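Reader: Please present the structure, and then let us discuss its ligand sites in turn.

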Amino acid sequence: MIKTTVHPGPAVPGSTSSILEVDGLTKEFGGLTAVNAVTMHVPKRSIVSVIGPNGAGKTTFFNMITGIYAPTHGSIRLDGRELVGLRPDQVTEAGIARTFQNIRLFSSMTSEENIMVGRNARLKSTFVDAVLRTRRFHESEHEAREAARIMLDFVGLSRWRNEIATNLPYGDQRKLEIARALATTPQLILLDEPAAGMNPRETEDLKALIRRIRDELGVTVCLIEHDMRLVMTLSEYITVLDYGTKISEGLPHQVRNDPAVMEAYLGRGAAAGEYGKEERANG
Amino acid sequence: MELSVLLPFIVNVIVGGLILGFVYAIIALGYTMVYGVLQLINFAHSEVFITGAVVGFEVFRILQDSTMNGYLKLLIALIAAMLVSGLLNVLIERLAYRPLRGSPRLVPLITAIGVSLILQDTLRFLEGLQGRFDLTYTLPAGFGDKFCSTNSTCAPVGDFLRTIGVDVQLKDVILVVVSLVSLAVLNYVVNRTRLGKAIRAVSQDRVTAGLMGIDSNLMISATFLIGGALGGVSGVLFGLKFGTVNAYSGFDPGIIAFTAAVLGGIGSIPGAVLGGLLLGVIQNLIGVMNIFGNLLGFANLSTIDASYSKIGPFIVLVLILIFKPTGLLGKSNVEKV
Amino acid sequence: MVNSAASSSAAVHQPVAPSTTGAAMLELNDVHSYYDHIHALKGITLTAYEGEIVALIGGNGAGKTTTLRTVSGMMKPRGGTLTYLGEDIAGKPAHQTMQMGMSHVPEGRRIFPQLTVRENLEVGAYTITDRKLIEERVQEGFAYFPRLRERENQLGGTMSGGEQQMLAIARALMVNPRLLLLDEPSMGLSPLFVEAIFDIIVKLNREHNTTVLLVEQNANMALAIAHRAYVLQTGEMKLSGKASEIAKDESVRKAYLGDD
Amino acid sequence: QTTIKIASISPLSGGQSNLGTQIRNGVQLAVNEYAPLFKKAGFNLQLVPYDDQADPATGTAAARKIASDRAILAVVGTLNSGVAIPASAALAPSNLVMISPANTANQVTDRGLANMNRIVARDDSQGPAGANFIMNNLKAKKVYVLNDKTAYGEGLAAEVEKALKAKGVTISGSEGTEEKSDFSSIVAKIKLTRPDAIYFGGIYNQIGVFIKQLRGAGIDTPVVGGDGLDSSELPVIVGKAGANNIYYTTVAAPLEALPAAKTFATSFQKTFNTPAQGFGAFGYDAAKVTLQGILDAARANGGKVPSRKQVQDTIRKGTYKGLLSGEVSFNSVGDRKAATLYVIKVKDGKADLETSLPVKPPKN
Amino acid sequence: MTVATPPQANPTVRRPVVKPDRTVWLMLFFIVTSVLLLVSHEPDVLRNLGPLGSVLRNKVVEALVVSLFLANVLFAYLWKAANWAKLIVGVGSLLFVLPLAGQADTSLLDLSIQVMIFAALALGLNIVVGLAGLLDLGYVAFFAVGAYTWSIFASPRFGEVLKYYGSNPGTTGSGTLALGLVLTAITAGSMIYIRGLHGRVAPTRLSNLSFLLAGFGLLAGILLVGRSILVLASGSAAALANGINPGFFWLFLALSIMAAAIVGVLIGLPVLKLKGDYLAIITLGLGEVIRVLANNLGLYTAGSQGITPIESASVPWFNSLVGALGFGQDQYYLLFLYVLVLIVIAVILLVNVRLDKSRIGRAWIAIRDDEIAAQAMGVPLMQTKLIAFATGASFAGVMGMLFAAKQTFISPESFNLLQSITVLSMVVLGGMGSFSGVILGAAVVTLLNLRILPGLGEASANVPWIPQEVNPANFNRFIFGAILVAMMLLRPEGLLPNKRVARELHHEDDQEDESKDGNASGLNQGGDVYSAGLATIKEDDKPGGNR
Ligand SMILES: Nc1ncnc2c1ncn2[C@@H]1O[C@H](COP(=O)(O)OP(=O)(O)OP(=O)(O)O)[C@@H](O)[C@H]1O
Ligand SMILES: Nc1ncnc2c1ncn2[C@@H]1O[C@H](COP(=O)(O)OP(=O)(O)OP(=O)(O)O)[C@@H](O)[C@H]1O
Ligand SMILES: CC(C)C[C@H](N)C(=O)O
Ligand SMILES: [Mg+2]
Ligand SMILES: [Mg+2]
């Protein structure tokens, strides 16, 4: 496999330490190379985006980072620690949390319980503790419940606390997934199309939420989105994939004006400014 | 031991296993069809196919004294068994499974077990009324004969088989032919026809199939009809091959056949056939393991006798599934994460 | 409440104003729908005339999806009347309404994961028996979304989110429906394809006179191509009118279009 | 009028219900026959049938239940030795006598329970009898021994094998199988090893299918079995053509040979609309022993209802004549003192007496 | 034009259902059923009751009385009543009335033990199936393991085994013991080391291989140790002709739990990767494998002949106590087992409840709902499933041992597939995931099989107009099957459904009749009670990491 590294080096000018370093990551499905030697470094406490046309390999890229797919080649390091070969739960324990493109909440649990599961990995109590109801058990339970309360508050879903998760409106389910992921106290959170199914107004709220995740919780955010308004205003750095290959990366305005990106992804008129809004409505 | 004795022995064991395998395969298809569309292990299928065997028995008994051609009798038996088993299967689905659409899947599983128990006692009762319990097939003359052993006008194939000492009987040939024909027909229906595609769509997502204009209840009924009819065929073949059935004799082969379906990959028609054949052969090979143990001088192998042949399939299944978690020819569920 | 049925001023993409004097194709009158005990539709009244694009907008959980599901027969309304082509279809199961010329792109795509792309399309044409016609339509779908042609034999379940969305739309178009129900067709699609989808909707509407009931979060674009629009909120119809007027409405802009 | 009940335990549903029902029916016939006698003695006689589903746990539960019903004075059962062993243990504390019409395993009486009796031979006499027949009459030098992996079949086959080995006969194969339909691998092995005779410890519906396939493969080797083969169904299953060269040991003379048996067979057929088989006759005999014992005990008790202990002791001590299987009396552990083992030969689908030999249990 | 404000969906308000206080009813019911139970088992009293006596003597009535009496406990649990009343009813019925009735009718004790054994099995299987969503059709295997663990040692079998090793020592001696111990220590040590290593760095093929190798080494070491101990101890074969000292009973209570748990892990390791019905059929097969092994390893298990007699613990003070209370000598051990089983099931229930509301319980439900999401939330799949398997197995193991002690005879026939299926039906019938439900399910099915059906057969046996052929005794399976079907059709969520499952039932992939009842319950995908029979990810894209 030829490694085509487009823009190596630190991502955002000025920031030096990367929390996630992905190098030459490749995934082949039979004859199809879904992700092709992608290199990407995510600076600590940044908000970065991965964009690209449908089927470009973005979700697959996330799936490899979180251990759901084993990469064909390449390495993934979180804070210097190699992640390739770890199971998904180990990756989570190492500090990466994620949401899914198709929402995957635990359908028989309430919102609160969903988040408590997210907290599981961080709890100290064991099987024996649970049976004997030791102090450690009670502390753990308290911690989990507390985490759920805080996270529900954080994403603004407190009123849904005891509702079955899958009964929530779509947009709220997305937020709940984020809360659940945050409950694992990650260093890095991967969001796969968090704004899908949200109207522009809700997307605005989401944008604020993502900023707070970084600012208040100090969690690095990496997201996949097709909503360019969100991507361009939120991300500090953008990587663009097409047919599995990185075709561009850089600051939002750089990427937006990159002809390769326009050609492959944004389409006509995209460079003009904010995408999709006025041009049509005002027509 | 000389090769001239050993070779036919091995060949016979394998051929016997293959024939057994065809029986399993065609039973397995009944499970696979229903499993495919409802994700339900239809425990009642073993009784559905035994019902077919019972119908076949009755047809042969009624036609015992008629001078009708033996093949015609067989055809009548097959058709009658297909009809009865097929309709029985549809009826079971209507009464016992359909009201439970949407329940957790274990719920219809338990009803399936319940239906299976009901049918066992019912069959036994019905036959018991006539003073019968074990039903012994009396086949049309010539059916059970050795492959052209008495007749001087032997087909060359028969001669050949005889010289190498293979015990194939006419009914075995019939069994294989009928199985192959049913398999081919089924494969065509499921993969090539509009009906087949609709059934597959229903099996994957009933609601969305509805959005395509497909009546999912109708398709499920059709599936049960086809599965039951296959059960009927397998029942008659089972009776033909082994001679005797009773109300309870479906259970064991039913389990093995379902294992075959799983081994081949649930939902896959060629998989079920492959699984059935494989298990038939393996069962027979394990059954003769002690002979090889004796010949080769492995004491440990010699203790593996016929009583292990029952669990052979499961051990093979474990070994294979460890390496191919979705069976030999099973398609993995490709859920996009 | 604005409730003008007539539509005179057309948006950019719609050269021909549909006739609204003809009979309504779809009429919902005070429809109520439930999920168990959740009262999701609390008396929805809505009309779609032949050849119209009607947009349904509203926030999360407003009941847009539920409305489409009720129309297509995926769920049965517990109250109100539901007429399609002059026939009462309340309680008719989906497979029957589909045979009456409807087509529904459901929320969440719902591709058949174990069927190939081509088989997915063929199943979409279940109500058609003419093999030649089916093949024609498959090619049409491929023309709309070349990616599908590339992946003709890939299993539906392994396609990417956006690719599945394309497939779901192409599948719904296989029958050349009279009434097309679209539930967030642009979801998960890249900007290029979002445009393509809207172009296709307009084209169908223009060339085949297809009536479209369109649910979109991308309300700006939806209102741009729709003739009329309804605004839903927590299961109730809050507003209805010409799309262009709705698009200008201050409260709507604030609540759904993200203007501050 | 006081009610006296006897109970039967046998599998009435499930795969062995055919045999279990035979036992129950045999008992019922005896009860019908004895009801007038009991009436005369001032008792109302009833049978309560229990289903053990051939499962030891179910059988034990049934036994405990029976023990709690004080009107029940005796039990006839069971079909399977595996059920008889725990069931009799559960009945023992309440001195409830049990007469087995079918259980041949040694352990059934070897435990020395006061309440457990049987009217059938033990496997350690049935086994050697079969073995002797194989050596002396069939003159076999090489024998293939099979069993059905149940307590009965495996125990019997082990006895046969022991006896054969002791006499220096070669055992060319010895194995068990639970298979009920497909015997092709075993048939192939037999074809390969060419034994002079085959012994199969098991029950007719399995062995019958085996013999059918054996004959179908062109092997005419004699097949020998135990009381499990004693059924009129056997030749039907094997089929007329192949039903040759089959022998089995049993304690009941062939039904046709006895005038009493003829009456029994007709009334059985008339009452239950199915032909009587060996176990029906055994059930009938066991019930007759039981009922006669109760009557005797009642007489000894001055015409009053006897206690269970009295019934238990009376039966162990008594001698009963005129049964289908001859005279019955028990030794100290409840084995039938002197039984005749008949060797039956099936030829052209007809069962005929081949030889008979007297057998005695090890203790006396 | 009304202005739309951002939607404010309200969570559905759940009105708390006010249950009426039923203390009086509960006590009344308790007294009436207790009296009925006691009276119906006192023949002397019955005789004096005239027609009422003969009604009570009817076997169906009797079975009903027993069932109603047991329902006391259920009502004490379900009804709202004063706590003292619940306590009186619970303790009173289980510790006083039932043993008292058992004195007159020992079969009641047997029945109650059987009910509790099955209840424990159902609770164990409930963890595996109901909580963790792993369909296990071979559950009875663990029951067998527990039963045999005790039976082999507490019966003449042990002497036989020792005798065998005494006469076939091979080259085994004390040297072998030393070798075995060293091998065990080394391999166990390295396994622990490698595991620790895997916690820190990603496993490589080499490290996995060495782990596997060490595993085999460990197995060999343990076998060597076991063998040499047997050979060395063979001298005392004669002394142990009737099995080990029953005093070891208590030790074996722990050992049977461990043995079953270990077998659970061993079976689980290779197969728990599989999903849904693949797992179901494999566990079914492995259950059969264990039964066939028991049938074939004649030296240890006596094969089809079965092991008998099996000892039970004998506690002198308990015996003298119950002796003083007027129980017969032959009832001592049953009564002892009754009390013991009662304690064990109480412990099991406690463990269940505690696990359910804990980290591990949530993890089980999470993997049942969505394996991938659970894993992404940091739930280790294999480990969590293995714990479920081992926990479930250990319940079966301990009850297997008590079962063996109660029966005094066990043979492989008692551990067939039908038993596994019966336990499964108890779980589903009672209400998957609900503890009170599965206990009720166990009680109902056991009562049906051991009381009500036989009672029907008995009651109708001497009714002249019912011919023998259609005597219900001949239709035990039919009736049982019909009841299963009927109950499932009437109450698919189970008798006492778990709230969680009941909720889910209404969000199932039920794509069917919602159009009929105006209820699109089926539109949510996923969330099945056990994971679909299909692997989630293509084989060639194994999840990262090696298990
Ligand atoms: N299991 C698989 N087998 C075969 N092909 C696959 C598989 N998973 C993904 N692909 C293909 O790999 C490519 C990348 O898919 P991926 O889901 O990563 O795209 P994506 O960038 O997330 O697209 P979208 O924006 O549409 O979600 C797609 O063309 C898809 O069809
Ligand atoms: N399958 C379901 N089970 C229970 N409640 C549901 C279900 N689907 C939707 N609901 C509820 O019904 C109401 C209407 O939901 P609907 O999906 O129709 O909204 P929507 O307008 O399509 O929202 P979105 O923009 O999020 O798709 C919401 O309160 C939602 O929580
Ligand atoms: C022949 C069998 C049905 C009974 C056998 N004699 C036994 O003891 O179990
Ligand atoms: Mg994606
Ligand atoms: Mg929606």
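Author: The magnesium ion (ligand 5) is coordinated by C:Thr65 through OG1 and by C:Glu107 through OE, at 1.8 to 2.0 Å. Donors here are N, O and S atoms within 2.8 Å of the metal (3.2 Å for Na, K and Ca), and water is not among the atoms, so sites may look incomplete. This is a predicted model, in which local features need pLDDT of at least 70 and side-chain atom pairs count only at pLDDT 80 or more, while totals for chains, interfaces and linings use all residues. Residues are numbered from 1 along each chain as its sequence is written, chains are lettered from A and ligands numbered from 1 in the order in which they are written, and side-chain values use heavy atoms, with hydrogens and water left out.

Reader: How many residues apart in sequence are the parts that C:Thr65 and C:Glu107 tie together?

Author: C:Thr65 lies in helix H1 (residues 64-72) of chain C. C:Glu107 belongs to the loop between strand E6 (102-105) and helix H3 (117-124) of chain C. Helices (H or I, at least four residues) and strands (E, at least two) are DSSP runs, numbered from the N terminus. The pair therefore joins parts whose separation in sequence is 42 residues.

Reader: Is C:Thr65 buried or exposed?

Author: Buried means under 20% relative accessible area, exposed over 50%, and partly exposed in between (1.4 Å probe, protein chains only). C:Glu107, at 23%, counts as partly exposed. C:Thr65 has 12% relative accessibility and therefore counts as buried.

Reader: Between which chains does ligand 2 lie?

Author: A residue is near a molecule if one of its heavy atoms lies within 4 Å of it. Of the 21 residues around ligand 2, those that come nearest include A:Asn167, C:Thr66 and C:Glu107. Ligand 2 lies between chains A, C and E.

Reader: Which element gives the largest share of the shell around ligand 2?

Author: Strand E2 (38-49) and H1 of chain C are the elements that give two or more residues to this shell. The largest share, four residues, comes from H1(C).
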